[in-house]
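The sequence and the structure are shown first.

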Amino acid sequence: MVKHGIISTNFKAFAGVDTMDEFIKELDPNLDYLEHKIIGNEVIVYAASNRKICRCPYCGSESARIHSRYEKSFQDLPIMGKKTKVVIENRKFFCDNPDCGFTTFAERFDFLAQKGKKTKRLIEKIVDVSLNTSSTTASRTLKDGIADVGKSTICSLLKKRYASS
Ligand SMILES: [Zn+2]
């Protein structure tokens, strides 16, 4: 396990381990909560996937052979009114299917668009807040304990929302 520095001493006062694990498992039941730290008004939650086998998104073959690991982070819904960043040690697997055009693939999650930096549930929240207000006001409201989102991001999220409905 990688060491992530200081863990908050306010841990118990802040939230129980069970609560944090539930929060993470709402994203994906195969994620385990590891630890968290609080820096200013941001919570950083460390989690890891416990899936033994992953399916190659290109050909559908299953693999349990890990190629490498890298850190993946994204913003999620606030915890206790603090902006929340989740960090997972994401795994790359080998695809052993000789007919597949790819030799490796990264584990993917339904709660996050590929290469997305915000969870789908956070995007929903941002869109909700922004629907009936200007993007400047929305950006200011969101900055206060939900997420740092610029005006242009808000506009493009709203556009995507309207395009898909
Ligand atoms: Zn494959």
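## Glu71 and strand S5

Glu71 counts as exposed, because 10 C-beta neighbours lie inside 10 Å and a residue with 12 or fewer is classed that way. The residue is placed in strand S5. Leaving aside neighbours within four places in sequence, Glu71 is in contact with Val87 and Glu89. Glu71 and Glu89 are 18 residues apart in sequence, and their C-alpha atoms are 4.6 Å apart in space. The model discussed here is predicted.

## Overall make-up and confidence

The protein chain has 5 helices and 7 strands. Read from the N terminus, the order of elements is α-α-β-β-β-β-β-β-β-α-α-α. Of the 165 residues in the chain, 22% are buried. Among contacts with a separation of 6 or more, 54% are between residues 24 or more positions apart.

The average pLDDT of the chain is 88, and 90% of the residues score at least 70. Over residues 1–13, however, the pLDDT is below 50. That stretch has 12 contacts in the model beyond near neighbours in sequence. Where pLDDT is low, the predicted coordinates should not be read in detail.

## Nonpolar cores

In soluble globular proteins, nonpolar side chains tend to be buried together. The largest nonpolar core in this chain has 14 residues. Met20, Ile24, Leu31, Val45, Ala47 and Val86 are the residues with the most contacts inside this core. Helix H2 (17–27), strand S2 (42–49) and strand S6 (82–94) are the elements that give two or more residues to this core.

Which residues is Ala47 in contact with, leaving aside its neighbours within four places in sequence? The contacts of Ala47 are Ile24, Leu31, Asp32, Tyr33, Leu34, Val86 and Ile88. A second, separate core has 9 residues, including Ile123, Ile126, Ala138 and Ala147.

Two packed helices are described by the angle between their axes and the distance between the axes. H3 and helix H4 (residues 135–143) pack at an angle of about 130°, and their axes are 9 Å apart. H3 and H4 are therefore oblique to each other, since an angle from 65 to 115 degrees would count as roughly perpendicular and one over 145 as roughly antiparallel. The crossing in which H3 passes H4 is right-handed. On the H3 side, Ile126, Val129 and Ser130 meet Ser135, Ala138, Thr141 and Leu142 in H4.

H3 also packs with helix H5 (residues 151–164), at an angle of about 95° and with axes 10 Å apart. This angle makes H3 roughly perpendicular to H5. Here Ile123, Ile126, Val127 and Ser130 in H3 meet Ile154, Leu157, Leu158 and Arg161 in H5. For the pair H4 and H5, the axes come within 9 Å and cross at roughly 110°. H4 is thus roughly perpendicular to H5. Their contact is made by Ser135, Thr136, Ala138 and Ser139 of H4 together with Lys151, Ile154 and Cys155 of H5.

## Residues with positive phi

Most residues other than glycine have a negative phi. Met80 is not a glycine, yet has a positive phi of about 50°. Where is Met80 placed? Met80 is in the loop between strand S5 (66–79) and S6. With 11 C-beta neighbours inside 10 Å, Met80 counts as exposed.

Lys115, which is not a glycine, has a positive phi of about 65°. Its place is in the loop between strand S7 (104–106) and helix H3 (120–130). Lys115 counts as exposed because 7 C-beta neighbours lie inside 10 Å.

## Arg55 and strand S3

Arg55 lies in strand S3, which covers residues 54–55. Is Arg55 buried, exposed or partly exposed? Arg55 is partly exposed, because 16 other C-beta atoms lie within 10 Å, whereas a buried residue needs 20 or more.

Apart from neighbours within four places in sequence, Arg55 is in contact with Gly60 and Glu62. Arg55 and Phe105 are 50 residues apart in sequence, and the C-alpha to C-alpha distance between them is 8.9 Å.

Technical notes: Residues are numbered from 1 along each chain as its sequence is written. This is a predicted model: local features need pLDDT of at least 70, side-chain atom pairs count only at pLDDT 80 or more; totals for chains, interfaces and linings use all residues. Helices (H or I, at least four residues) and strands (E, at least two) are DSSP runs, numbered from the N terminus. Two residues are in contact if their C-beta atoms, placed from the backbone, lie within 7 Å. A nonpolar core is a set of buried Ala, Val, Leu, Ile, Met, Phe, Trp, Tyr and Cys residues joined through C-beta atoms within 7 Å. pLDDT is the predictor's confidence in each residue, from 0 to 100. Axes are lines fitted to C-alpha atoms, for helices over the stretch in contact, and angles run from 0 to 180 degrees between N-to-C directions. Angles under 35 degrees count as roughly parallel, over 145 as roughly antiparallel, 65 to 115 as roughly perpendicular and the rest as oblique. A crossing is left-handed if the near helix is turned anticlockwise from the far one by less than a right angle, and right-handed if clockwise.
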